[in-house]
Amino acid sequence: MAESLKNQLSDATAAVHGGEDIHLGMVTRAKVMPIFETSVFTYDRLEDLDDFLTGNPDNYSYTRLGNPNQRALEDWILGLETADLPPGNWDALATGSGMAAIAACIGSVCDAGSRVALSRDIYGGTQSLLEHEFRRWAVEAVFLDFSNIEEGGLPPGIRLVLVEAASNPLMRVSNIKRLAGIAHSSGARLVVDNSFLSPALFKPLAHGADAVIHSTTKYINGHSDASGGLLVAPAEWAASARRVVQNLGGHLSPFEAWLTLRGARTLELRMAAHSQNGQAIAEWLEERPEVRRVWYPGLASHPEHELAKQQFPRGIGGMMSFDLKGGSESVAAFMQGLKLIKLAPSLAGLTTSFSYPMKTSHRAHSPESLRELQITPATIRLSVGIENRDDIIADLKAGLRVTAGTGD
Ligand SMILES: *Cc1c(COP(=O)(O)O)cnc(C)c1O
């Protein structure tokens, strides 16, 4: 509190005002942006409030509407996702989760009667969002197999096409350039969920996508300690999406934004390590007698191996799936043999973890749908971390040994 007030205030007032006069001119010399963990900003002059109301993006008012930590993360992703593009009017939006970014992206473009086309193997949360929420608002989800669709071949009324650069859990790869052509020839926009690759490995806007979404909970943060989402879109679209987030209340907290940006600083190094370990471990798994099949686009056996080589020349990251011989009992046995690697229904952290799609991401699917997607009771999704490769392999080997009792 102001020095002049110090001796005039009661303890009750001092308790609520004490410590609020740290000189902000000094604070701003911090090497790293501090966490602006404040729900609201103050104004000394009415003109400054007017300046906020007329849209100055550097003027902050209320954290649900905007906060410097959110803005720092938005600038970071904007720089990376648009780096290879001619100058253009792009903007980014940070949200409290990947789902909030997807909801804002769809909600800012679709009206009652709009249709959204999705690949059948889209992330379960995205499917649920459309089927349980948007459907009640008369936005219809249309699930398509895009490999059978040519330019001009989309069903009528499609406003958005939403796909993943590499899908969950089998890492099926979409040809983004081709899909952009299909979407645009029918007057639709193409949105790519790039959570499995990150801009260190793939930049969908340079391949013709109109917008990019990330669950920063995954590779961008990379440390399994913060949830968040990002959308990069043409500025006008991003502004509409921002309004959706402000109205629905889906903003990213200052602390989560700060943690996410701290994690994101090492994205390039981590993705190189995830990719190198991923390739080596996929090749190792493919040779194991206990393993029926490995799904990793870096293997020649993957259906989109050639496309992946072309589209992701810098690597494919650490996500893969494999089928054990046997059924769910072999998965239970595998778990018993592991010491380092834990079942975690998420992905893309520093540590190697695995998930069981049948009981996590894909539990809502019918047996027919699982069969169509080629997910079996013995399918394990592996998120390869950045540990020493030999230690990961030793742990996997211990798990596999229990499944088959074969030893080696
Ligand atoms: C995790 C994930 C999401 C959802 O992100 P949250 O941060 O959990 O809301 C969306 N898309 C993909 C591909 C994901 O892996």
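Student: Is Phe-134 buried or exposed?

Tutor: This is a predicted model, where local features need pLDDT of at least 70, side-chain atom pairs count only at pLDDT 80 or more, and totals for chains, interfaces and linings use all residues. Residues are numbered from 1 along each chain as its sequence is written, and side-chain values use heavy atoms, leaving out hydrogens and water. Buried means under 20% relative accessible area, exposed over 50%, and partly exposed in between, with a 1.4 Å probe and protein chains only. Phe-134 has a relative accessible area of 5%, so call it buried.

Student: And what does Trp-137 count as?

Tutor: Its relative accessibility is 47%. That makes Trp-137 partly exposed.

Student: What kind of aromatic pair do Phe-134 and Trp-137 form?

Tutor: Rings of Phe, Tyr and Trp (its six-membered ring) pair if their centres lie within 6.5 Å; planes under 30 degrees apart are stacked, over 60 edge-to-face, the rest tilted. Here the centres are 5.4 Å apart and the planes make 90 degrees. So, with planes over 60 degrees counting that way, the pair of Phe-134 and Trp-137 is edge-to-face.

Student: How many residues apart are Phe-202 and Phe-312?

Tutor: Their ring centres are 5.1 Å apart with planes at 85 degrees, so they're edge-to-face too, and both are buried. Phe-202 and Phe-312 link distant parts of the chain, sitting 110 residues apart.

Student: Which ring has the charged end of Arg-189 over it?

Tutor: A charge sits over a ring if NZ of Lys or CZ of Arg is within 6 Å of the ring centre and within 35 degrees of the ring normal. For Arg-189 the distance to the centre is 4.5 Å, and the ring belongs to Trp-237.

Notes. Helices (H or I, at least four residues) and strands (E, at least two) are DSSP runs, numbered from the N terminus.
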